[in-house]
Amino acid sequence: MFGEILKKLRKESGMSQEQLGKCIGVSKSTIGMYEQGQRMPQNDSILKSIATLFSVSIDYLLGYTTTEKTADELGIERLSLKEFPMIGNIACGVPIDCIQSNDEYKCASDDIQANFCLTARGDSMINAQIFDGDTIYIREQSMVSNGEIAAIVLNGSEVTLKRFFYYPEKDQVILQPENPAYHPMIFSGPDLNSICIIGKAVAVTHHL
């Protein structure tokens, strides 16, 4: 019953299996197995995400009732979602090779004012609540204010995520990690030419 109802709701919304999977954090093949009755969601959070996405109750999704109560009627806030290009990994630790587009997307709230997203790798930003595997949403801009977290390309080939501090009187930039186990990265004079800010980190989503 769940699979038939899910397929009906998905088709009525004009979504593909791939798009639905991205919105709730599962693969296209998993959606296919849901719809064919070969698998049920493994935890309540997936059911809640589906119910919120389509503005129905969980009881309706599971076939316990034929009354298609909306999320508003149930006191559930409906999410408005959009897709963000996922263009690779970003180092929260030792800088890694420069990010590149891979034609993947992440579905998240359209309240996030970002142009693309990256997967955090490493633990240098854990005190900013950014952990290995998290998705970081980046708004494209060539400069950030002191203390803001930026995605920065170094030497044209490596990329890192750090708090940015610029001191023009010293002709110096400090890229500050959020983990005392790591040292700040300090640039001055001609070395400043090796730094290129590609955007400001504006949101993060955690993954269990």
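Student: Which residues does Ala120 touch, not counting residues up to four places away in sequence?

Tutor: Ala120 touches Ile90, Cys92, Ile130, Phe131, Asp132, Gly133, Asp134 and Ile136. Contact means heavy atoms within 4.5 Å. This is a predicted model, where local features need pLDDT of at least 70 and side-chain atom pairs count only at pLDDT 80 or more, while totals for chains, interfaces and linings use all residues. Residues are numbered from 1 along each chain as its sequence is written, and side-chain values use heavy atoms, with hydrogens and water left out.

Student: Where is Ala120 placed, and in what kind of element?

Tutor: Ala120 is in strand E4 (residues 116-121). Helices (H or I, at least four residues) and strands (E, at least two) are DSSP runs, numbered from the N terminus. The C-alpha atoms of Ala120 and Cys92 are separated by 6.2 Å, although these residues are 28 residues apart along the chain.

Student: Why does Ala120 count as buried?

Tutor: Buried means under 20% relative accessible area, exposed over 50%, and partly exposed in between (1.4 Å probe, protein chains only). Ala120 has 0% relative accessibility, so it counts as buried.

Student: What makes H2 roughly perpendicular to H3?

Tutor: Helix H2 (residues 17-24) and helix H3 (residues 28-35) pack at an angle of about 105 degrees, with their axes 8 Å apart. That angle makes H2 roughly perpendicular to H3. Angles under 35 degrees count as roughly parallel, over 145 as roughly antiparallel, 65 to 115 as roughly perpendicular and the rest as oblique. Axes are lines fitted to C-alpha atoms, for helices over the stretch in contact, and angles run from 0 to 180 degrees between N-to-C directions.

Student: Which residues of H2 and H3 make the contact?

Tutor: H2 supplies Gln17, Glu18, Leu20, Gly21 and Ile24, and H3 supplies Lys28, Ile31, Gly32 and Glu35.

Student: Which residues touch the most other members of the largest nonpolar core?

Tutor: A nonpolar core is a set of buried Ala, Val, Leu, Ile, Met, Phe, Trp, Tyr and Cys residues joined through side-chain atoms within 4.5 Å. This core has 21 residues, of which Leu20, Ile24, Ile50, Phe54 and Leu61 touch the most other members. H4 gives the largest share, six residues. Leaving aside neighbours within four places in sequence, Leu20 is in contact with Leu6, Arg10, Met15, Ile31, Leu53 and Phe54.

Student: Which residues of H3 are buried?

Tutor: Thr30, Ile31, Gly32, Tyr34 and Glu35 are buried in H3. The buried residues of H3 pack against H1, H2 and H4.
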